[in-house]
Amino acid sequence: MLTTRSRAGRSTRYVLQIWSFPVPQAVAEVDGILAELNRRPPRPNTQFVALAQRLTARHPCITTLDEDDDNAVWTDGPLDGRSERPVRGLGVLSQHLDTVLPFVVETATSMGFVVHDDQAGECHLPGGWSLLPDGRRVAHRRGSPPAGR
């Protein structure tokens, strides 16, 4: 049985929502898309496993680290990608956000995923585009913070 450890008490938890399809055309569409996706019957998405492998290759899952290891960037584990839900929540410790968020956005969008950053009101799309809360669609540069940061 897999266990989940949480480090949310160490700092602020920043949550990203990740899914494959549909791709929104505006931030205003995201809540409706998420509601529709969460009504769908469970079905495994092996691409989440591949995404988790890429993410943990750089930043190990907290379940593999000592409890007080300062290298932890994720808030929950195990980060193995096993999920039957069409939307995957990913918690990041806020003190690592400036380095981890660009990596997550670049990695996930390069694999065809949509990354919704509700805290910033942004949605990052495959192909290097970001949707901003003011309705703009802008390109994000590789390795740099997402559009509105």
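**Exercise 1.** How many bridges join strand β1 to β2, and do they run parallel or antiparallel?

*Solution.* Before we start: this is a predicted model, where local features need pLDDT of at least 70, side-chain atom pairs count only at pLDDT 80 or more, and totals for chains, interfaces and linings use all residues. Residues are numbered from 1 along each chain as its sequence is written, and side-chain values use heavy atoms, leaving out hydrogens and water.

Step 1: strands are DSSP runs of E with at least two residues, and helices are runs of H or I with at least four, numbered from the N terminus. Two strands pair if DSSP finds at least two bridges between them.

Step 2: β1 (residues 13-19) is joined to β2 by six bridges, and the two run antiparallel. Ile18 stands opposite Arg88 in β2.

**Exercise 2.** Locate His140 and decide: buried or exposed?

*Solution.* Step 1: His140 lies in the segment after β6 (137-139).

Step 1: buried means under 20% relative accessible area, exposed over 50%, and partly exposed in between (1.4 Å probe, protein chains only). His140 has a relative accessible area of 16%, so it is buried.

Step 2: Pro102 is 38 residues from His140 in sequence, yet their C-alpha atoms are 9.4 Å apart in space.
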